[in-house]
Each structure stands twice: as structure tokens, then as C-alpha cells.
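Please open the model in your viewer and keep the selection tool at hand. The stops below go from one selection to the next.

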Amino acid sequence: MNKLKINTWNGILSIVNCFLFAASWFFIIGAAFDESFNGGSSLDSTATFFYAMAWIGVVVSIVALYKSKKASISIVGPILCLIGNLAFGLAAAFAFPAIVLLIIGTVFSFLQKPANQNNN
């Protein structure tokens with residue numbers, strides 16, 4: 001069985017996003033306090049960076065899902081990574097569930113087991 005590089009990259013991006021999503025609350029809250037007390041304007045750009053990373057993760061997960069399906073590799077990892085990135089992409093409040101999904105999805109993405117074929 002061939003291992004797909006897109007699944008490896010999906011797993012690596014998911015690990016990076018786990019760290020980013022965990023740190024996002026601190027950065028976004030800090031930027032919000034800076035904006036309210038000091039008149040700064042970094043909140044939009046700070047939040048945009050984290051959301052952009054989540055949506056990049058969504059795109060990479062969709063590509064990994066498509067290529068895994070074509071190569072008869074289990075699609076559990078790309079689906080979990082897709083849901084995790086999508087959850088954060090919709091709202092930063094979903095950071096914790098997104099992190100959990102991304103960790104589990106990363107493990108499955110790196111395993112790349114063959115899909116179960118039910119040929120009865």
C-alpha cells in the first residue's frame with residue numbers, strides 16, 4: 001500500500017493548528033483588551049490569521065479526503081481533521097473541541113490504514 005504525502009501534510013498542518021488554536025484565545029483576548037484600553041486595532045488582523053489557518057486546514061483536509069478515497073485509504077483522519085478545522089473556522093469559541101478532533105484526526109491521518117472493503 002502506498003502512503004499519500006497529502007495525508008502526512010494534513011497531519012502536520014493539523015498539529016500546527018492544534019497549537020495555534022490553543023494559543024488563539026490568549027492572542028484574541030489580548031488584542032481585544034489592547035483595542036479597548038489603548039485604542040489599538042490589531043483584533044481584526046489577529047483573528048483573521050487564526051481563521052485563515054483554519055480554512056487552509058479545511059482545504060487541505062478536503063484534498064486529503066478526496067485522494068484517500070481514490071487510493072482506498074481510510075478517510076477517518078481527513079474527516080476528523082476537516083470537522084476540527086471547520087469548527088474553529090466557524091467560531092473561535094469551538095477551539096477546544098477542534099483541538100480534540102484534530103489530535104485524533106492527526107493520528108488516523110498518519111496511520112493511513114487501508115479502507116475496509118466489504119465485498120460479500
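A residue is called buried at under 20% relative accessible area, exposed at over 50% and partly exposed in between, with a 1.4 Å probe and protein chains only. The model is predicted, so local features need pLDDT of at least 70 and side-chain atom pairs count only at pLDDT 80 or more, while totals for chains, interfaces and linings use all residues. Residues are numbered from 1 along each chain as its sequence is written, and side-chain values use heavy atoms, with hydrogens and water left out.

Select Phe 50 first, which at 4% relative accessibility counts as buried, and then Phe 27, which at 52% counts as exposed. Rings of Phe, Tyr and Trp (its six-membered ring) pair if their centres lie within 6.5 Å, and planes under 30 degrees apart count as stacked, over 60 as edge-to-face and the rest as tilted. The centres of Phe 27 and Phe 50 are 6.0 Å apart and their planes stand at 35°, so this pair is tilted. It links helix 1, which holds Phe 27, to helix 2 (residues 43–70), which holds Phe 50; helices (H or I, at least four residues) and strands (E, at least two) are DSSP runs, numbered from the N terminus.

By the ring rule there are 5 aromatic pairs. Another of them to select is Phe 21 with Phe 88, a stacked pair at 3.9 Å centre to centre and 5° between the planes. Because Phe 21 lies in helix 1 (residues 5–38) and Phe 88 in helix 3 (residues 76–90), the pair ties together parts 67 residues apart in sequence.
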